[in-house]
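User: I would like to go through the terms used for this model and see what stands behind each of them.

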Amino acid sequence: MRCIRALLLVACALGSLLVPLAAPSRAQGIPQNIPRRDLLILENPEGTVKNAGWFNIWAINAGSQSNGLQQVALDTLWYIDPESGLDGVWDNSLAADKPQYNADFTEMTVKLRSGIFWSDGVEFTADDVVSTVTTQIKNPGMRFSAVLASNVASVDAPDAHTVVFKLKKPNSRFHANFTVRWGAVWILPKHVFDKVEDPVKFDFNKPISLGAYVLHSYDPDGKWYIWQLRDDWQRTTLARFGKPGPKYLAYVDPGPPEKRVIAQLNHELDVIHDIAPEGMFALAKQSKATRAWFKGFPYGHPDPTLPAVIFNTQNESFKNPDVRWALALLIDIKAVAMAAYRGAATISAIGVPPTGTHPATYHGPMEEWLKAFEIDTGKRKIKPYDPAIGKQIAEMLRPSMGEQIPSDPAEIARAFGRGWWKTDPQAAQELLEKAGFSKRGGTWVTPDGKPFSVRVMVEGDLRPVMTRAGTMIVQQWKQAGIDAKIDVAQGTLPTRRAAGDFDTFIGWSVETWGGHQDLSYFLDSWHSQFVAEPGKPQPLRNWQRWSNPALDKIIEEIRTVGFDDPKSIELGKEYVKLAVKEMPTIPLMAYNVFTAMDQTYWTGFPTSENSYTNPVPNWGNSRYMFVRLKPSS
Amino acid sequence: MSGYLAYVGRRLGQFLLVVFIGVNIAYVVTHASPIDPVEQSISAVTSFGNTSPGAIEQMRNSLRELYGLSGTPVEQYLLFWKRILRADFGPSMSAFPTPVGTLIGRALPWTAGLLAVSTIVAWGLGNLLGGLAGYYRQSRGLKLMGVIAMGLHPIPYYILAMLLLIVFGFLWPVLPISGGSAMNLPQTWTPEFVLSVLQHAILPALSLILIGMGSWFLGMRSLVSNVLAEDFVVYAELAGVRSWRILTSYVMRNALVPQVTGLAMSLGGIFNGAVITEKVFGYPGLGSLLVDAVYAGDYGLVLGVTTISILGVSIGVLAIDLLYPLLDPRVKVS
Amino acid sequence: MAILLRDLLRHSPEFRIGAVLLAFVLLLSVLASFSPYPPESVYVVPPDVPPSLTYWFGTTSRGQDVFWQLSFAIRNTLLFGCTVALISRLFALVIGLISGYKGGWIDRALMSVNDTFIVIPLLPILVLFYFVMRDRISWLMLALIMACFGWAYDARLIRSVVMSLKAREFTQTSLFSGMSTRQILTEEHLPYVMPIVFSTTMNNMVWSIGLEVTLAVLGFTDINTPTIGGMIYWANQHTAMVAGIWWWIAFPTITVVMAFIGLFLLALSANAYIDPRSRLWSVGEAS
Amino acid sequence: MRANVQQPHAPQDAQPILWVRDLQAHYRTSHFGVRRGVKAVDGVSFAVRRGEIYGLAGESSSGKTTLIKSIAGAIRPPLEIVGGSVEFAFLPGYGGLHRAPPVDVARIRWRHLSYIMQGSMNVLNPVRRVESAFVDFAYPHIGGSRKQFEQQVVAHLARVRLDPSVLAAFPHELSGGMRQRATLALATICRPDFIIADEPTTALDVVVQKEVLGMIRSIQRETGSSVLFVTHDMGVHAHITDRLAIMYAGRLVEEAATAEIFRNPLHPYTRHLISSLPRIGDDTPREGLGGSPPNLADPPPGCRFHPRCPLATEICKREVPAMLEADTGHRVACFAVNQGARA
């Protein structure tokens with residue numbers, strides 16, 4: 001009797017909680033009042049945007065970039081596609097043509113398209129480009145201020161559709177600043193910013209678009225942004241490729257990986273930016289409609305980014321290339337690929353990502369050289385390259401993955417990579433001994449008698465795959481008698497990376513255009529002129545702080561040849577050979593991004609068979625995807 | 001009465017002291033952080049884009065200037081207090097130039113709403129059921145409740161939240177699993193919006209209540225069994241006072257005194273936010289704001305949130321001390 | 001002692017269930033010493049195998065045997081929780097008793113310190129501490145920090161109980177009969193305070209282990225040492241919940257719940273045995 | 001001393017209001033394997049008449065408290081009524097409160113049967129004002145408007161010489177005497193037919209004790225209630241009770257008008273109790289009683305007093321003496337006395 005009363009009470013309390021349930025609440029994860037068939041929902045990997053109402057992308061780090069702003073609302077002169085592109089890799093966007101340099105690369109002339117309009121009806125002209133440069137130079141607190149100020153002596157618009165940049169010093173790659181690889185210097189609306197007192201403190205809300213979409217609405221709490229196709233979309237650069245399919249785009253924060261999977265299974269998230277390999281497998285298994293870059297294993301899109309073991313070469317232990325080589329030879333890349341990506345990795349032995357056009361330009365042609373490459377262990381000469389490792393990974397996976405694993409050698413090379421360094425503990429031992437290290441009671445000791453300890457810094461759950469690779473490598477080094485330890489830096493990684501406060505870390509100092517063979521995108525920053533003193537902050541991207549006179553020579557030569565000059569490929573190969581000999585970083589594999597696309601509402605996503613662009617939705621380049629998307633019938 | 005006033009005065013002094021020390025510790029600790037906000041900003045800007053290394057140093061300097069990090073430590077400390085006393089936390093660095101106050105102002109109502117309601121409901125339900133369970137010891141239903149409370153209590157919150165999410169968002173998808181209200185619904189006080197907010201709050205609140213109820217339940221149950229043996233309870237029973245009356249006015253009223261203390265502190269503590277709830281349910285709030293700020297090395301924002309939290313908890317503690325003599329008249333104030 | 005245990009075992013069903021649960025958990029944690037695999041090694045067994053006769057609790061996506069991982073994890077986690085609870089209980093008891101009994105400026109001074117510990121938000125401090133200590137942070141160190149922050153709340157609770165005890169007649173009687181403060185506190189007040197200490201110990205352990213899991217979920221954990229939080233961290237990294245590797249999450253959770261229910265029942269029956277008042281109840285329930 | 005003994009106030013022939021017949025109340029514990037049965041009340045029979053103050057005396061742990069708990073129906077495990085019956089005139093037919101329907105019990109509590117508890121310190125809810133106790137305890141029985149009730153309470157408090165301001169006070173703010181008078185007022189405000197008073201004056205100092213006793217007496221006279229007055233203090237019994245029963249180790253050993261008991265104690269135990277009362281001008285050393293009260297878990301066979309009894313014979317060790325009337329209204333359970341009486 002009493003017990004019944006008590007239970008009744010509980011029931012009432014719980015019942016009152018659940019009253020709002022009475023309302024039908026299916027499909028809560030999608031925007032209200034917008035027909036689903038007109039809407040594409042994409043993940044913005046920035047997560048929740050703190051400063052949701054801030055659209056001034058030209059201020060440093062004030063608001064979101066990839067909430068749709070850079071993908072669909074802004075535009076700039078050129079795009080280079082990391083894949084093959086809709087109409088070739090190079091796309092003249094706001095520019096009518098490729099950049100025209102003078103002979104000594106001190107002047108760049110740009111011809112602009114006409115008939116392109118801002119979403120408020122104002123025509124885009126050369127003045128906008130000039131203003132983009134001058135406004136930022138004037139305000140040091142703006143994002144591209146420093147880079148423009150250090151390059152541009154003056155910028156003029158001789159007519160409404162021509163811009164002439166006069167450069168402070170020769171720079172054959174100046175146009176790269178206005179060329180989208182993920183992002184670039186976006187063109188700002190002069191007619192808006194001219195009226196603003198302090199452009200650093202201006203929120204640009206509501207934003208005026210130059211791209212095909214305008215802001216429809218956004219969450220003041222920063223969890224979603226909805227963009228709407230412009231009525232005058234034909235007056236934008238994207239119109240050359242046809243009408244974009246989705247009338248509305250929603251860039252949302254779908255939460256932790258589990259929720260992303262659930263959201264896609266509920267068909268409430270069309271494009272997942274990235275998830276753990278296991279999440280991808282689960283999606284592939286549970287949803288017929290889900291498609292990734294590769295139809296089957298290894299699914300993920302290889303970004304033109306090269307995760308590697310990056311040494312702090314200013315650290316006494318890692319100054320000697322023999323030590324770096326020894327550590328490389330202790331790695332079993334197959335186990336690392338398994339641990340990091342469950343095998344769904346595209347390995348690379350050389351310092352160029354195995355993605356886009358690079359395998360054809362570098363990996364393939366250089367394979368013979370790699371096979372012949374020898375290192376001197378002090379006792380003997382060995383040929384460390386094993387061309388069969390990619391194939392071995394494929395074979396390893398075949399029993400469990402079956403049909404999904406390609407059997408065509410070319411396909412295998414494309415999906416899993418070619419060769420890598422054969423694990424060779426003997427050679428590693430000889431190399432370490434050559435470098436003056438010695439083994440005492442099963443553990444290695446440095447030449448000055450201290451235990452050889454290597455900390456491997458990883459970012460933790462911010463980059464799960466890197467963390468997993470790092471723990472595997474630590475295990476392998478430990479087994480060889482090195483005092484290796486994982487060091488989870490979490491959010492401190494950028495600070496520590498810049499400060500050189502690490503032994504080694506798993507990350508990347510190599511990023512390329514992907515669709516274009518030119519390596520200066522990252523290589524220019526490897527010049528010794530930028531290497532900081534120990535203890536001083538290192539500017540990007542030479543985190544290994546490696547300097548080498550031969551490298552400087554290569555870089556200086558690249559600076560003098562044109563962007564499309566075939567000679568730059570030869571110079572690129574020179575760099576690859578030098579980096580193989582010196583091993584300043586141990587290249588591991590491509591950064592495979594598991595972008596999962598749900599074809600329930602939309603089809604025509606970019607895939608490896610139809611590789612017209614990068615599907616990874618935070619890339620500025622992903623805008624090309626929208627013109628190819630068609631509603632599913 | 002003047003004794004009580006003197007007590008209030010002394011207690012207020014102690015309150016101010018605690019807040020002052022607390023804020024100072026928070027200041028020192030956040031500034032001891034090895035994360036450099038300038039470096040984090042630069043990394044955020046340049047991690048994808050194409051920036052030449054030569055420009056970084058210049059960017060670094062202008063950011064240092066912009067973020068107000070160029071002064072000496074003493075100047076910065078004084079500036080901090082000058083601002084705090086005007087209830088201004090300065091600009092956030094990771095969302096420059098948006099004021100910290102604006103960011104907190106956005107997140108606070110969500111956090112306060114969700115956590116206050118679920119804390120109070122968990123407290124009320126937990127105590128009521130715990131009280132019943134302590135009083136009606138033979139009831140099978142309440143014994144079962146005890147077992148459930150014991151079992152729910154130690155489940156790691158994250159797991160419970162995820163389970164709820166999978167059950168109500170996937171296996172039986174009847175409840176929204178993300179956000180504070182439906183997408184594309186203007187945040188104005190329309191019935192539609194209010195309903196949406198309530199719907200979105202169900203799962204996060206339920207998870208917090210299920211986890212939170214356990215300790216109140218178990219605490220109350222044991223407190224009640226202590227009180228039951230007291231003479232005044234036996235006497236009231238002999239006097240034929242109705243058992244409901246005995247349970248509420250005699251047993252619970254006495255057992256509640258320490259529980260009220262706990263409630264006040266829990267309510268003060270809600271300003272810390274609930275990071276995991278916010279993370280799992282994508283609920284807006286202070287918790288993720290705080291963790292993001294720590295990541296970004298955004299001292300201003302960290303200090304803003306911690307100061308609010310310090311104030312919240314201190315007020316909770318102060319309230320207990322001032323109310324305690326009223327709750328338990330036996331306690332002398334002096 | 002042996003007789004006491006025998007009596008408890010024979011006649012208190014709570015104690016029996018609690019003892020069985022806890023014995024299982026303890027056995028599991030003791031087994032850690034006999035694990036065939038070192039705790040941090042990965043890919044030592046085939047990954048993602050569901051529970052079977054070979055792998056009782058299945059294997060993780062990292063190629064670890066869940067059973068052996070769990071045995072390390074539960075050992076470390078229990079040690080962690082006990083350490084935090086023990087140290088913080090000591091602080092809480094001493095400060096709560098003295099502050100509540102003595103009153104006056106001692107109370108005010110102690111409560112100022114106490115309140116400062118209460119008001120400082122713990123999570124950012126732990127995160128920043130993690131950033132400073134990096135990989136030198138061990139579970140013992142984390143336990144010490146958390147113990148430093150885990151006592152204040154309960155010290156206040158104990159203080160309030162002592163304050164109302166102080167107003168009761170028996171305190172006055174003891175005072176007049178010439179007992180010293182220490183005697184009054186330990187002989188007269190402590191018995192009343194002990195049940196609170198017991199129940200706060202449970203809460204404190206739940207709190208500290210919960211916080212360890214929270215830190216792990218946020219990624220601030222020593223991923224080299226397996227703990228319950230560490231297991232959940234790695235399971236998360238491999239999206240085990242949606243990938244269908246439920247055993248990676250379920251067994252650690254069940255074990256934690258078992259450990260706590262076990263502890264709880266033991267404390268309950270021990271309390272009943274010690275406290276003569278609750279004797280009457282236990283009989284009432286039996287009849 | 002004997003002059004102190006009050007003359008019986010109630011008419012000798014008044015109808016009983018309470019019959020206790022062969023009441024057996026045992027504590028049965030089974031605590032962690034140790035089974036124990038304590039025969040705290042073992043076959044007690046007596047009756048209380050209307051309008052009289054019936055005293056119950058005995059050492060501590062003689063079973064007095066258990067007896068009145070059983071009578072008051074405050075039966076919680078491990079206490080169990082094993083046999084016998086308790087019958088109130090105002091609740092006939094059930095044989096004890098513990099057997100009556102809860103609704104009926106609730107109806108008679110405080111209206112017909114009230115209780116003054118031992119140790120006034122903790123009998124009032126410490127966190128509520130005294131007034132609330134009156135409201136909770138008495139208002140449901142008295143009814144009427146709240147205002148009338150308040151007036152009635154104030155008037156009643158005046159009888160125990162308490163200022164109405166105590167109503168607004170918390171229990172801990174009152175002195176021991178005030179608190180006891182407040183509980184006295186609380187127990188008597190409904191003019192109950194029967195009041196159980198369990199050591200109501202024990203914790204008070206002598207002056208206050210006397211005052212309170214006086215009040216109990218005067219209120220009892222005014223309301224015509226019956227009182228079951230329990231204390232170990234023979235002096236108090238002499239002062240207030242009309243009839244007196246002596247309890248030893250769970251059984252009654254003697255019962256008579258109070259004056260009769262003091263004048264002519266028959267049972268050796270009663271004699272011992274009375275002889276150990278202090279007397280003015282008497283310096284003769286008290287002869288002590290050897291031994292100590294028996295363990296009720298394992299009481300001696302036969303007469304429970306026999307191990308300590310100076311008159312014990314063989315029969316005392318084997319058989320239980322019955323309560324027999326030795327004189328009109330004077331019952332005693334002792335082989336030696338009863339034989340003598342018969343002889």
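User: What makes the largest nonpolar core a core, and which residues have the most contacts inside it?

Analyst: A nonpolar core is a set of buried Ala, Val, Leu, Ile, Met, Phe, Trp, Tyr and Cys residues joined through C-beta atoms within 7 Å. Buried means that 20 or more other C-beta atoms lie within 10 Å of the residue's own, with C-beta atoms placed from the backbone; 12 or fewer is exposed, and in between is partly exposed. The largest such set in this predicted model has 502 residues, and A:Ala250 and B:Val251 have the most contacts inside it. Helix α8(B) gives the largest share of this core, 19 residues.

User: What is B:Val251 in contact with, beyond its neighbours within four places in sequence?

Analyst: Contact requires C-beta atoms, placed from the backbone, within 7 Å. With those neighbours left aside, the partners of B:Val251 are B:Gly131, B:Tyr135, B:Val224, B:Val227, B:Leu228, B:Val233 and B:Ile246.

User: How are residues and chains labelled, and what confidence limits apply?

Analyst: Residues are numbered from 1 along each chain as its sequence is written, and chains are lettered from A and ligands numbered from 1 in the order in which they are written. As the model is predicted, local features need pLDDT of at least 70 and side-chain atom pairs count only at pLDDT 80 or more, while totals for chains, interfaces and linings use all residues.

User: Which residue classes form the side of chain B that touches chain A?

Analyst: The contact takes 70 residues from chain B and 68 residues from chain A. On the chain B side there are 39 nonpolar, 24 polar and seven charged residues. Here Ala, Val, Leu, Ile, Met, Phe, Trp, Tyr, Cys and Pro count as nonpolar, Asp, Glu, Lys and Arg as charged, and the others, Gly among them, as polar.

User: Why are β5 and β7 of chain A called paired?

Analyst: Strands (E, at least two residues) and helices (H or I, at least four) are DSSP runs, numbered from the N terminus. Two strands pair if DSSP finds at least two bridges between them. Five bridges join β5 (residues 107-111) to β7 (residues 162-167) of chain A, so the pair meets the definition. The two strands run antiparallel, and A:Met108 has A:Phe165 as its bridge partner in β7(A).

User: What makes β4 and β6 of chain A edge strands?

Analyst: The open sheet has the order β4-β5-β7-β6 (chain A). β4 (100-101) and β6 (152-159) of chain A each pair on one side only.

How values were computed
Contact = placed C-beta atoms within 7 Å.
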